[in-house]
Amino acid sequence: MKGFFKTFEHDHWVMPYLKRYKGLLTLVLFLGFMTFFCGGALMFNSGYLISKAATHPFNILMIYVPIVLARAFGIGRPAFRYAERLTSHNWVLRIVSAFRKRLYQSVEKQAVAIRQKHQTGDVLGILAEDIDHIENLYLRTIFPLVIGWLLYLFIVIGIGYFNWAFGLLMLLLLGIIVVVMPLMSVAVNGKREFQARQVQRHFYTRLTDAVLGLGDWLISGRRKAFLGQQDKPIDEIARLRRSDHYFQWWRNFAIQFLFGAAVILLVWWAGVMFTGNQAQANWVAAFGLALFPAVEPFADMSQGVSEWPVYQDSINRVNGLDENVPQLAPQQTVGDFADLTLDHVSFTYPGAQRQVIKDLSLTLHPGEKLALLGPSGTGKSTLLKLILGDETPDSGQVTINGVPVDQLQTQRAQLMGVLDQQPYLFNTTVMNNVRLGNLQATDAEVRQAVKAVELDDLIGGLPNGYNTQVQEAGSRFSGGERQRLSLARILLQDTPIIILDEPTVSLDPITEQHLLDTVFDVLKDKTIIWVTHHLTGIQHVNQVRFIEDGQFDMSGTPQDLYHENQRFRDLYDMDRGR
Amino acid sequence: MIDQRVFQFPGIRKVIVWQSLLTVIQAILIILQAKYLSVAIVNLWKLQAVGTIVAPLVIFAVAFLGRHLMTVLKNWLTYPFVESTTKKLRKQFMAKLFDLGPSVVAQEGTGNVVTMGLEGIDKIQTYLMMIIGKVLDLAITPWLILIYIALIQWKEALFLLVIYPLIIFFMVILGLAAQAKADRQYAGYQRLSNHFVDTLRGLPTLKQLGLNKQYAGNVYSVSEDYRKKTMATLTIAMTSTFALDFFTTLSIAIIAVFLGFGLMDNTIQLLPALVILTLAPDYFAPMRNFANDYHATLNGKNALTAVLDILHRETPTDRDTLPAATPVWTPDDELHLDHVNVGYDADHATLKDISFNVRGFQKVGIIGASGSGKSTLINTLSGFLSPQAGQITARGTQVPHLDQAAWQKSFVYIPQSPYLFHASLRDNIAFYTPAASDEAVAQAAHRAGLTDWIATLPDGFATQIGEGSRGVSGGQAQRIALARAFLDDSRRILLFDEPTAHLDIETEVDLKQTMLPVFKDHLVFFATHRLHWMNEMDYILVLDHGRVVEQGTPDQLQAQNGAYVRLRSEMEGEAPA
């Protein structure tokens, strides 16, 4: 329970929305309450109706009101339920829209930080799922709980109206069902859920490991070991599920037990209370039957609450998102690009020992083309992050026209375009994807850009042409084609500086050749910084630099290096298969 | 309503018999419970002393508790069957995965297979736990109650009997209408709900394009659009529940009014009337329960289909045709492929008419543009894929495929990104030979050029690597795979599939120096489009669109001036500066 309050102490994802959409929320709760009220009232009314009828009143009009009421409650219950379900879903989906926008904005502000904090796994998928969890928190836990409590209060006050002492007794007895049982469910399930999640995660890793490494397992011939290592988590999952089930059965039985006791007490009390005369006695059946429809919402409360631990995790995670939002430096703008300068830049990742970039200096002027090479881990990608302003140097400066890049972040998309290893294509049409480079571009301009990257024949030949869906992550197109579409996007973006971050790493040599030819052809007027893993197409640049251990090692024009540097010549020849 | 295949699980008959018996008892208890509660109420109504309701209330209490105990008992009797069945399914599933090999993963997708083994089987468990009880409840309880009501008052019983199919009829009609509408919207629906994750994943790109800020509005409006579409579907989808709810509740109200008139006309007494009224909700309860869990049962059914589909797949037979041999490959051993066709689906071959012979410790280069079938050939040589036609002869034995236990013990397979298990570095290196001594592992790691790197690791050989643990660069992963080959010296065949394509050139140079010594005294198949490796080969297969278009020694191919020369010049690109 302590965890419960702690979760909401600094919460700004769940509670604020309950407050903001108060009106609809009240409506949902009202409708939910009315559903069960009508259910109970139908039985109450029916009990009274037949008791009254059994006294043979001389006129049908004497039972006319209960007859009408029976129909009213009979229609009311399903109608309210229908309305409640629609309203609550509408309410929750409305909140989800707000959530998504907010989650997007949080992630947007600190995309870099999030990726560092959660090393692996599909953190974005997890965050998106968290929102679904919060959606369920409202629908499956909060609403049933509050509606159940309203119903509980209504029953207790209704009985207390006739007899406060008996009302108090019901308060205690039903209180066990609606307060103690849910609390117990959270306590018991919370612990088990924690264990279950660990076991499940363990099984998940093992299973993924087994599936991804299946080829190696097969080659190893260790069938027994393969099956053996799954046995333990499988048994453990079964054990946890079993205790989970047992707990649920007996908890539900206990709820029914208490409920049965409440019914018996109610009948007994009605027997004592309403036996003064026949008119009074007609109410006995009403009270005796009225409670039964309440058992369903009461039992649902415990079930809903026991899902809490799942939601708790999600709430904590999204709440944690907004902490440590990086602050943006005061922004400036610059005019036409004149130079990009790295001035004695050094950089170490926070918390790391090793200096990734050591005292690097470099100046690029408009139209210059630089290729950066070096083994992985030597700081190539870090250098790009520093140039883009995603990271800030510990000492030294990265400047454009003399202004540090961290002060140019709002203007960044007008200064620098990026083509990286896997540029993202959104699940929409070709036209929309390319136009992302410049939302003001006309259809003709988009077509022109696509023509420049030599895809016009391909796109034009598709049945839907430019309106073809690229499908999830652009899977409609091959790797080379995706790169070309992204290149078209960059052409529309029309920035003076272009950063190429190993755009050809996953392509075969022929595709790679052709793509590089196109890239350097259409970008011939731009300033280019190109990180590459080998020397194919190196003749396109006028400066090559090798980074070794955070510092520049070999550098020069490719022609000079080839003629003067033995190591470069060896690498170059090897790359060409000699 | 119930999947026929459920009946094939062993032990289910016993469960059904017990459940049926308990359901009958439960129905009787429900009737008793209603009857004695009514007796107590009627006694009070007749203004009798409170003492007269003690006995009926006690019987009510016993029946009420008994009824709910039956539920617990039913679960308790069913659970062991469900548990052992799902556990067995999980283990069978794992065993099947191993027997089917990586081709099934390639077909179904990694995520799909993992989900099936984990959540899919969970859903089956829920399904099994639910379906038997619900169906029996539906088949027994309402009818026993109805018979009892008929014995008291046939008119009300007739009404309840007639309304039953009517409710189901309306539910189905509305349900089908909703389904049709939902199906129509599903495509657009799915796209909208995936849009959000799509946007989050594409965020770096949005940032590069300077659209990151304004895209937030887009996220909101798409989500609102999604809400409106969802609500439109829900409004219809929920009508079928509404119909069920409406008719059952209204039926109870109508029964109450009927009974009121009957009482006024004196055609019925209060006690039977009250019993009928109390029993009416229980008459409808099984149907409502079944409808409420309809979606869960549907999910369970689909999961069952998916898992059984995998379990019923045929596993390659004749895995022991090739006799074991020590050493596994000698300089005189030969491998022949004769007109072999290989494909991922039955009527479409990816590799066509492949024929070649290799002998002893040859180094065979496999070269071709992407999509020419290099990986398919390596997967055939490793036995992950079985030929559709043609003959393979290994060490003089004709085999239907190379998924041979003895063959698989004779090679090491090194793909572009070798899979690293979520385990210690030592266990990863000793994956084929878990019993290897620490010295041997250290020696193999040394020969694979890992020593310097291992020295920087906090826990040395005990460092956990693999997914979610310490990052290992592409070059190091290759070296770990090489260390496996060094450690298990008995494996004399090496299968490489683009091992260096994604490495930077300097790492590739270093790695090549480590790799070349392993080639000695090994049969090597090396698929790549990095040309310089061809200089180390003594036999080359040139693939194009699934066919071997040229084969021979490098000198022969150079002299022929055919496909090989053309491919090389295309891959080399422009002449040096």
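Student: In chain B, what percentage of the contacts with a separation of 6 or more is accounted for by residues 24 or more positions apart?

Tutor: This is a predicted model, and in chain B the contacts considered here are those with a separation of 6 or more. Within that set, the share belonging to residues 24 or more positions apart is 76%.

Student: Why is chain B described as more spread out than a compact globule?

Tutor: Chain B holds 19 helices and twelve strands, and its C-alpha trace spans about 115 × 60 × 50 Å along the principal axes. For 577 residues the globule rule gives 25 Å, and chain B is more spread out than a compact globule because its radius of gyration is well over that value, at 35 Å.

Student: How far apart do the C-alpha centres of domain 1 and domain 2 of chain B lie?

Tutor: The division of chain B places domain 1 at 4-311 and domain 2 at 412-489. Taken between the C-alpha centres of these two domains of chain B, the separation is 52 Å.

Student: Which strands stand at the edges of the open sheet of six strands in chain A?

Tutor: The order of this open sheet in chain A is 6-7-8-3-9-10, and its pairing is mixed. A strand with a single partner has one side left without a neighbour in the sheet, so the edges of this sheet in chain A are strand 6 (416-419) and strand 10 (551-556).

Student: Which residue of strand 8 of chain A is the bridge partner of Ala371(A)?

Tutor: Strand 3 (residues 369-373) and strand 8 (residues 527-531) of chain A run parallel and are joined by four bridges. In strand 8 of chain A, the partner that bridges to Ala371(A) is Trp530(A).

Student: At about what angle does helix 19 of chain A run to strand 8 of chain A?

Tutor: Helix 19 of chain A, formed by residues 509-522, lies across strand 3, strand 7 and strand 8 of chain A. Relative to strand 8 of chain A, the direction of helix 19 makes an angle of about 155°.

Student: In the hairpin of strand 4 and strand 5 of chain A, which residue takes a positive phi?

Tutor: Strand 4 (residues 395-400) of chain A pairs with strand 1 (residues 340-348) of chain A in the antiparallel sense over five bridges, and strand 4 of chain A also pairs with strand 5 (residues 403-404) of chain A, again antiparallel, over two bridges. Across the latter pairing, Ile400(A) stands opposite Val403(A). Two residues lie between the strands of this hairpin, and the residue with a positive phi, near 50°, is Asn401(A).

Methods. Residues numbered from 1 in each chain as written. Chains lettered and ligands numbered in written order. Predicted model: local features only at pLDDT ≥ 70, side-chain atom pairs only at ≥ 80, totals over all residues. Heavy atoms only, no water. Pairing = 2+ DSSP bridges. Contact = heavy atoms within 4.5 Å. Axes fitted to C-alpha atoms, helices over the stretch in contact; angles between N-to-C directions. Domains from an automatic or database assignment. Rg over C-alpha atoms; globule rule 2.2 N^0.38 Å.
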